[in-house]
Amino acid sequence: LSCSDTPSKQVSSMQKRLAVVQSGVSTLYERDFDFLIKEYYRIDTTLARKSNISKEMDLLASYLQQFETVRVDMLDEIKYSEQQLSDLKYDIDNNKLSENDISKYLKDEEAAVKRLEAQLDYFRDRFSQQKKVVKNLK
């Protein structure tokens, strides 16, 4: 974020980034997660019995389970951050906060958005790697 941006613009920027994270989580779930689940069961019922690929299968299963667990928390965090940013924007636009409070809240919300972005990047990377693995197992 640029320091020259007004606090209200900084909040708007974070709101847009949160929307991107939410969209990314949905896409990962609807496309990649679904694909990898189907591939896991396909491989498990065919190749896994014939080949020694248990390590790959265990790793894939652990990433799928981890995402399924974390996804719900991420969506809750996104909703919470959206509300926090909405409230913050309202308070900024209506001059209800001191400069120090605005600065503190902006830092807190920036950290929350960055954490969500990092989680999304982590799963995008893992799923991308796993898609390559399952394609090589066909």
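1. Let's start with the helix pair: the axes of H1 and H3 come within 9 Å and cross at roughly 160° (axes are lines fitted to C-alpha atoms over the stretch in contact, with angles from 0 to 180 degrees between N-to-C directions). H1 is therefore roughly antiparallel to H3, a term for angles over 145 degrees. By class, their contact has 24 nonpolar, six polar and six charged residues.

2. A word on the basis: this is a predicted model, in which local features need pLDDT of at least 70 and side-chain atom pairs pLDDT 80 or more, while totals for chains, interfaces and linings use all residues. Residues are numbered from 1 along each chain, and side-chain values use heavy atoms, without hydrogens and water.

3. Now for H4. Helix H4 spans residues 99-136, 38 residues in total, and reaches 55 Å from its first C-alpha to its last, close to the 56 Å expected at 1.5 Å a residue (1.5 Å times one less than the number of residues). Helices here are DSSP runs of H or I with at least four residues.

4. Which residues of H4 are buried? Among them are Ile102, Leu106, Glu109, Ala112, Leu116, Phe123 and Val134; buried means under 20% relative accessible area with a 1.4 Å probe, protein chains only. Their cover includes helix H1 (7-45) and helix H3 (54-93).

5. Serine 81 is worth a look. Serine 81 sits in helix H3 and counts as buried because its relative accessibility is 4%. Leaving out residues up to four places away in sequence, serine 81 touches Leu18, Glu109, Ala112 and Leu116, where contact means heavy atoms within 4.5 Å.

Technical notes: Helix = DSSP H or I, 4+ residues; strand = E, 2+ residues; numbered from the N terminus. Buried < 20%, exposed > 50% of the residue type's maximum accessible area, 1.4 Å probe, protein only. Parallel < 35°, antiparallel > 145°, perpendicular 65-115°, else oblique. Nonpolar A, V, L, I, M, F, W, Y, C, P; charged D, E, K, R; others polar.
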